[in-house]
Amino acid sequence: SRDTVGLSMAMMGAGGLASPLPLLLALALLSPRVWGGSCPPRCVCASNILSCSQAVLSAVPSPLPRFTAVLDLSHNNVTRLRADWAPGRLAHLYALLLSHNGLSFVSTEAFAHVPHLRHLDLSSNRLRALEENLFSDLAELEVLLLYNNEISAVDRTAFENLGRLRKLYLGQNRIARFPLELLRDGSRLPQLALLDLSANRLRGVPVGELQALPAWLRDRLYLHGNPLACDCPLFQLVARGRRRRLSAVVDFQEDLQCWLPGASAPVGILALAGRQPLNCSEAREAVLEAHLGDSVTLGCDTRLRAVRSRHWVTPGGERVLEEGGNGSAALLANGSLQLRALRPEDTGTYACWVAGPLLNETLYVELLVHNFTLHGPHDTLNTAYTTLVGCILSVVLVLIYLYLTPCRCCCCRGSDKPPAPRDDSINSSVLSATPNHAAGVPGEPCRSRSASTAGLGQNGRYKVGGTPQPPPRHGPKAQRKVSDPDSVSSVFSDTPIVV
């Protein structure tokens with residue numbers, strides 16, 4: 001102002017060649033940001049915040065104050081973000097807002113001068129593709145908003161070097177392929193805790209690999225609003241999320257829909273239970289099965305990301321608190337419980353108690369230990385199986401005797417005794433060593449019948465009554481009874497079986 005200039009000249013005139021400090025002070029009053037840069041036209045500067053929203057800008061204003069920490073350029077007409085939009089290094093800038101600009105081009109070198117950016121909003125623009133290494137200069141980026149664009153292609157290296165990215169919003173785009181490389185093994189985005197892929201063009205998702213993700217990531221994996229094809233694995237994935245109270249399922253349960261073949265409208269994924277043509281059954285949490293002597297690891301799949309403490313409780317009520325544990329149970333560094341040399345009494349439900357900063361969670365894992373080793377013989381045989389095998393062996397032995405055994409009879413029945421009835425029970429005689437029929441009067445040899453009545457039977461056997469009388473024997477064995485060739489009880493007699 002004139003008063004300030006006059007005061008400055010008066011001080012200089014009074015002091016002659018005095019110190020130039022008063023002049024510098026006066027210039028500072030005229031230009032309060034002379035060292036950091038002035039506030040651009042049509043923008044509002046408040047401390048380190050520079051707001052140029054709705055200022056009808058077609059380019060980023062220049063020069064920008066070096067002290068800027070938050071730059072809001074939303075709701076303008078900045079359609080291209082070139083590499084020279086920030087000619088100087090903005091070391092303090094941590095938030096850049098460029099939403100609602102019709103932005104269709106972003107240079108791969110556009111973020112070279114803002115290495116400490118943590119929040120980038122590119123939502124509601126006209127971006128169609130994410131080019132190679134587009135965000136590789138933003139090693140400290142934590143939140144990236146790309147929703148409501150026209151993105152259909154995502155380069156595999158577009159998110160390289162984003163080791164601190166926690167939230168990625170890709171909803172309301174045209175993505176037709178699930179970008180599994182963003183999640184696989186946690187190597188690409190190790191800190192990612194939220195991935196929004198809602199309202200895209202996904203027709204299928206890798207259900208098996210998604211189910212293997214930790215629960216804290218599935219809790220913030222949004223897939224609603226996609227034209228997914230209905231199948232039972234997809235239903236089971238969503239059903240497990242509902243049971244675990246995952247936010248991505250509970251908060252958008254009505255929007256989780258899929259398409260049946262030939263249908264004109266989508267159906268709710270959770271409505272597929274018992275519905276034709278799929279008739280999906282809700283899969284329960286898997287029961288972990290093991291065998292005697294095995295070692296297993298029970299995972300504590302909590303949906304809490306920041307865990308302060310955790311411990312396990314065994315079916316017997318024993319608490320496992322520290323790493324190493326006691327006995328056969330050991331708590332691992334990642335919170336899992338390892339059980340070694342399993343015994344039958346280790347069967348039961350194990351509980352994992354997790355304490356978080358805001359709430360707690362309890363998880364249950366059921367373990368079933370089979371009473372035999374995996375590679376050894378069973379300790380007990382199935383009763384039905386052994387009964388069936390016994391019956392088959394009995395029938396085989398009877399058939400062998402009836403059709404493959406020639407007659408080796410040494411004597412015959414007496415003519416005064418009729419043959420035994422044919423309706424004797426096989427079951428009562430097949431394992432009996434006692435003959436069912438008498439062999440004549442003890443001590444008296446059998447009388448032979450006429451040879452003219454004898455005839456050949458099956459397999460060269462002589463029919464009953466055609467067996468020649470054996471020579472008389474002397475001694476103790478002379479009183480021994482002989483087997484009846486028509487009796488099943490002789491299958492275990494001294495008569496040899498010739499095959």
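H5 supplies the largest share, four residues. About 210 Å³ of space lies in this cavity, and a search of the whole structure finds one cavity of 30 Å³ or more. Here a cavity is a set of points, on a 1 Å grid over the protein atoms alone, where a 1.4 Å probe fits but cannot get out, and lining residues have an atom within 4 Å of a point. Grid points are joined across faces, edges and corners, and a volume is the space filled by probe spheres set on the points.

The model is a predicted one, in which local features need pLDDT of at least 70 and side-chain atom pairs count only at pLDDT 80 or more, while totals for chains, interfaces and linings use all residues. Residues are numbered from 1 along each chain as its sequence is written, and side-chain values use heavy atoms, with hydrogens and water left out.

Buried residues make up 35% of the 499 residues in the chain, where buried means under 20% relative accessible area, exposed over 50%, and partly exposed in between (1.4 Å probe, protein chains only). The chain exposes about 29000 Å², and carbon and sulfur atoms supply 54% of that area. Accessible areas come from the Shrake-Rupley method with a 1.4 Å probe; for residues, only the protein chains shown count as cover. Of the contacts in the chain with a separation of 6 or more, 62% come from residues 24 or more positions apart, a contact being heavy atoms within 4.5 Å.

The disulfides come next. The structure holds five of them, each defined as a pair of cysteine sulfur atoms within 2.5 Å. With bonded cysteines counted along the chain, the pattern is 1-3, 2-4, 5-7, 6-8, 9-10.

Cysteine 230 is joined to cysteine 258, with an S to S distance of 2.0 Å, and at 100° about the S-S bond this link is right-handed. The pair links distant parts of the chain, 28 residues apart: cysteine 230 sits in the loop between strand S14 (228-229) and helix H5 (232-243), and cysteine 258 in strand S15 (residues 257-259). Cysteine 230 counts as buried at 10% relative accessibility, and cysteine 258 is buried at 0%.

Cysteine 232 and cysteine 280 are bonded with their sulfur atoms 2.1 Å apart. Because cysteine 232 lies in helix H5 and cysteine 280 in the loop between strand S16 (267-268) and strand S17 (288-291), the pair ties together parts that are 48 residues apart in sequence. This link is left-handed, with -90° about the S-S bond. Cysteine 232 counts as partly exposed at 21% relative accessibility, whereas cysteine 280 is buried at 3%.

A disulfide also joins cysteine 300 to cysteine 352 (S to S 2.0 Å). The torsion about its S-S bond is about -90°, so the disulfide is left-handed. The two partners are 52 residues apart, in distant parts of the chain: cysteine 300 is in the loop between strand S18 (296-298) and strand S19 (309-313), and cysteine 352 in strand S23 (residues 348-355). Cysteine 300 is buried at 10% relative accessibility, and cysteine 352 is buried with a relative accessible area of 0%.

Strand S23 leads on to S24, with which it pairs in the antiparallel sense over eight bridges; two strands count as paired if DSSP finds at least two bridges between them. Alanine 351 stands opposite tyrosine 364 in S24. S24 also pairs with S17, in the parallel sense and over four bridges, and leucine 367 in S24 is the bridge partner of leucine 288.

In a regular strand the side chains alternate between the two faces of the sheet.

Key. Helices (H or I, at least four residues) and strands (E, at least two) are DSSP runs, numbered from the N terminus. On a 1 Å grid over the protein atoms alone, a cavity is a set of points where a 1.4 Å probe fits but cannot get out, and a pocket is an open set with protein on both sides within 12 Å along at least five of seven lines; lining residues have an atom within 4 Å of a point.
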